[in-house]
Amino acid sequence: MDDGQETMKEQLEHLMDGGTIEKAVHEDITCDSIFDSEDRLWNFLFFTGYLKKTSICLEGVNRYVAMKIPNQEISYIYQNTIHSWFEKKQKTFQLSLLYKAMEEGDTRTMKDEISRFLAETISYFDYGESYYHGFLAGLLRQNGTYRVLSSREAGVGRADLILKTPKGSGMAVGSFWS
C-alpha cells in the first residue's frame, strides 16, 4: 500500500505534524533485526506503542495498518529522540556482560551495564516509563536465547518484562510489579 516514494524522514515528519502513514504489519520482528529495513523499524515502533492503529486494510494475506503518534507524551519523544534516532546509524552494543549478569543474578553489573547503554543513547528528558520499558525490552530481545514478553499477567500481579527460553525449557527471568 505504501508506495515508498516518501523518504523515511518525510514520513516521520508527516507523523510529527499529526498525519498518518500506512504500513504492512507483521509480527515476526525481533529487536536485533529492527534496523535491517525500514519496514521492520516501523513495525517495531507500532508494536512497542510508539504508533497507534487508526485503521486496517487486508489485501490478500497482507495486513496494512494506518498509524499515527498516539498522544502528546509520545509526540514529545518523537520530537526530541526518535527523530534523531532515525538519522543515526545503528550502534552495536556488546551485550554479553548484561546477559551474563542477568543470568547470574548480578544486579550491580546489570545496573551498571544498563546505565551505560542509557547514557550512550538517550537524553535526560527521556524519562517516561514506557520509553524505558521499550528500551530495556529492545536490549534484552537481542540476546536471541530468550523470548521477551511484555506487560503480561503472572499470578496475582503483572510482569513488566519476562524472558523465557523457547518452549519453556531452561531458565525464566522476570521483573514483577504490583
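**A chat about the fold**

Mentor: Let's begin with Phe-46, which counts as buried at 15% relative accessibility. Buried means under 20% relative accessible area, exposed over 50%, and partly exposed in between, using a 1.4 Å probe and protein chains only. Keep in mind that this is a predicted model: local features need pLDDT of at least 70 and side-chain atom pairs count only at pLDDT 80 or more, while totals for chains, interfaces and linings use all residues. Residues are numbered from 1 along each chain as its sequence is written, and side-chain values use heavy atoms, with hydrogens and water left out.

Trainee: Got it. How many aromatic pairs does the structure hold?

Mentor: It holds 1 aromatic pair. The partners are Phe-46 and Phe-47, arranged edge-to-face at 5.2 Å centre to centre and 65° between the planes. Rings of Phe, Tyr and Trp (its six-membered ring) pair if their centres lie within 6.5 Å; planes under 30 degrees apart are stacked, over 60 edge-to-face, and the rest tilted.

Trainee: And is Phe-47 buried, exposed or partly exposed?

Mentor: Phe-47 is partly exposed, at 38% relative accessibility.

Trainee: Switching topic: which residues have the most contacts inside the largest nonpolar core?

Mentor: They are Trp-42, Leu-45, Tyr-50, Leu-51, Ile-69 and Tyr-78, in a core of 21 residues. Such a core is a set of buried Ala, Val, Leu, Ile, Met, Phe, Trp, Tyr and Cys residues joined through side-chain atoms within 4.5 Å. At least two of its residues come from each of α1 (8-16), α2 (38-47), β3 (62-68) and α3 (72-87). The most come from α2, which gives 5 residues. Helices (H or I, at least four residues) and strands (E, at least two) are DSSP runs numbered from the N terminus.

Trainee: What does Leu-51 touch?

Mentor: Leaving out residues up to four places away in sequence, Leu-51 touches Leu-15, Trp-42, Leu-45, Phe-46, Met-67, Lys-68, Ile-69, Pro-70 and Tyr-78. Contact here means heavy atoms within 4.5 Å.

Trainee: Nice. In what order do the strands of the open sheet run?

Mentor: The order of the 3 strands is β1-β3-β2, with antiparallel pairing. Two strands pair if DSSP finds at least two bridges between them. At the edges are β1 (21-24) and β2 (52-59), each pairing on one side only. Between β2 and β3 there are 7 bridges, and Ile-56 has Val-65 in β3 as its bridge partner.

Trainee: Which strands does α1 touch?

Mentor: α1 packs on the sheet against β1 and β3, its direction making about 125° with that of β1. α2 packs there too, touching β1, β2 and β3, at about 105° to β1. Axes are lines fitted to C-alpha atoms, for helices over the stretch in contact, and angles run from 0 to 180 degrees between N-to-C directions.

Trainee: Last one: how many salt bridges are there?

Mentor: The count is 3, taking a salt bridge as a side-chain nitrogen of Lys or Arg within 4 Å of a carboxyl oxygen of Asp or Glu. One joins Arg-116 and Glu-113 at 2.8 Å, N to O.

Trainee: How far apart are Arg-116 and Glu-113 in helix α5?

Mentor: They are 3 residues apart in α5 (residues 107-121), so about one helical turn separates them. Arg-116 is partly exposed at 33%, whereas Glu-113 is buried at 10%. Another salt bridge links Asp-160 with Arg-158, with the closest N and O atoms 2.7 Å apart.
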